[in-house]
Amino acid sequence: MDVGPCSAEIQQRRVELVENYSEHLTRLLDVLFNVGAVTEEDLSLVRGSAVLGERECMRALLDVLHGRGEESCRAFLYILPSVQDETTKLGQANRQEHLRKHKDILARQHGLVDYLSIREQTLGQDQTGCWTDITFSRQAGYASSSQCRHESAGVGDAFRTHADEICIFKDVYENLLCSPASGVNMLSGVAGSGKTTVVRRLVREWAAETKSSKIILSLSFRELNLITQEQSLQDLLSDHYIHLKPFLHELLNSNPTQFLLILDGLDEFCYPLNFEHTPKCSDPERVQPIQSIVVNLIKGNLLPGVSIFLTSRPHAVSKVPPVLVSLFYSLLGFSVAQQKQYFEQNCSSPEAAEAVWASVSSHKPLLLMCHIPAFCWIVSTALHDGGSCLCPDSVSHAPHVLSEMQPILKSLGAMAFKGLLERRFIFESTDLNSFNLDSTKLLQVFLSEILKEDRASLTFEKGFHFIHTSVQEFLAALYYVLQSLSGSDPFAVQICSSYQSFLSSQHSGKYCNCRYNCSEADMKHLMLNIIIFL
Ligand SMILES: Nc1ncnc2c1ncn2[C@@H]1O[C@H](COP(=O)(O)OP(=O)(O)OP(=O)(O)O)[C@@H](O)[C@H]1O
């Protein structure tokens, strides 16, 4: 049989055609059938090879075309480029759709939270109203500082000295999401200074914007603490972002510079980071312990060129060697004008805001503390109606309420203390039971209920965390003081009363990472610092 030029070309390009066009097979068959280049029997024959995979189907199609002769081969070569274009366009549209979904999912996960729901009840504003602009300082890299004084003791200093370059949220946003800069950007701030809120704001602004070409991936060290099995970066991300799974391999391997990876709360990470001895790994598919993934990401071995935004309380900043940090932000908190604005946005009426501001601004220590947003939050929550809860009636009622609450506060404090010892911020119903805590209304004021996914059984179970880490720390400090004053050893009580039951609980396997990470001396130091500050 005479072989025409098109038929010969197909034979010559056979390997390349199988390699590059097998994924477009369905579309190719449709078009070839529509133009009459193949018959229905041909289609059945080609599809009959499906059990052997799409490449085998492609080989069968090339054989069929060869058998059909030069005309069919010419039609095939003619339609080839357009089919590939069309499929690529479809793929891109599909990818855009998934990225859009990714933005929606992240925006939902990073909604601003007002734990006590006072705004919802009294203000009825949407969540965007919860954000007040906040002041940052910025410098290239960071120098390790001495840890001699409590980190919160420096609150307010920067507003007086202006030693560093001052900037606002917009500058941080533009640097992270609108510039091609890569490397590690660190955000340091004392407890309650608003680091997580900055992360939430960043994600929400990005999700609402259409221009940014970056893709945010956001993980918290609190979640990473729950990973006890070795896994690969790709598995970690595809477990976390199931909707990106089909593209993740391609995204990670093609252009890591398009990602902004947010890692929130380094101070909460319960695993040690060993930057000197962790084996180098640049393969996103290689299985390794979670702390090695973190080290390799920060060192730029995994996902070279990715931007990382790492948040931490000041005491844990030095876990990352200064040489690996390109830009260092400190969260200074609210300036006096921003504090005033905060109360205007968060009190139930302009009159209430004015009354709260009059109280705050006339008490120097309160004014100083209100540089920290968490304090503004506590003050506005307590005095949201302008201070009526300070009226004589409420004040005389307080000791009675407090004495009623004491046993439950002590138990909560014990659980909070145990959590800090173990670097644990998420608790299970079994933990609550072992401290005789049930989900009473009072408990709901201090604890938020969450659903935790158990990947092994593909089920969700109830978990709890304190409404804010500072609340966990405060209650732990309260417990520590009460135990010490009554002559009991807070550490001994912990080990006998609950740690044993925790270990024997059916879920303990999942928390095998939750070992004692704080030494007794560290813990005493931490408790004293909290007590002194409060
Ligand atoms: N910019 C802001 N505008 C309005 N409220 C804020 C802002 N920043 C923080 N807050 C309030 O302060 C509280 C504490 O903030 P956030 O949890 O972000 O602090 P953090 O620095 O992450 O604390 P931690 O170190 O304990 O994790 C928030 O729940 C919120 O109520």
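Mean pLDDT across this predicted model of the protein is 80, and 76% of the residues reach 70 or more. For the complex, the predictor reports an ipTM of 0.98 alongside a pTM of 0.71.

**Confidence along the chain**
- Helix H14 (residues 290-298) has the highest confidence in the protein, at a mean of 97.
- At the other end of the scale sits helix H7 (residues 118-122), where confidence is lowest, with a mean of 41.
- Residues 115-128 stay under 50 in pLDDT, and the model gives this stretch 15 contacts beyond four places in sequence.
- Residues 495-517 also stay under 50, with 27 contacts beyond four places in sequence.
- Please take care with such stretches: where pLDDT is low, the predicted coordinates should not be read in detail.

**Overall architecture**
- The secondary structure comprises 24 helices and 10 strands.
- The protein has 534 residues, of which 33% count as buried.
- Among contacts with a separation of 6 or more, 76% join residues 24 or more positions apart.

**A look at Pro 5**
- Pro 5 lies in helix H1, which covers residues 5-12.
- Is Pro 5 buried or exposed? Pro 5 counts as exposed because 11 other C-beta atoms lie within 10 Å, and the cut-off for exposed is 12 or fewer.
- Pro 5 and Glu 70 are 65 residues apart in sequence, yet their C-alpha atoms are 7.6 Å apart in space.

Technical notes:
Residues are numbered from 1 along each chain as its sequence is written. This is a predicted model: local features need pLDDT of at least 70, side-chain atom pairs count only at pLDDT 80 or more; totals for chains, interfaces and linings use all residues. Helices (H or I, at least four residues) and strands (E, at least two) are DSSP runs, numbered from the N terminus. A residue is buried if 20 or more other C-beta atoms lie within 10 Å of its own, exposed if 12 or fewer, and partly exposed in between; C-beta atoms are placed from the backbone. Two residues are in contact if their C-beta atoms, placed from the backbone, lie within 7 Å. pLDDT is the predictor's confidence in each residue, from 0 to 100.
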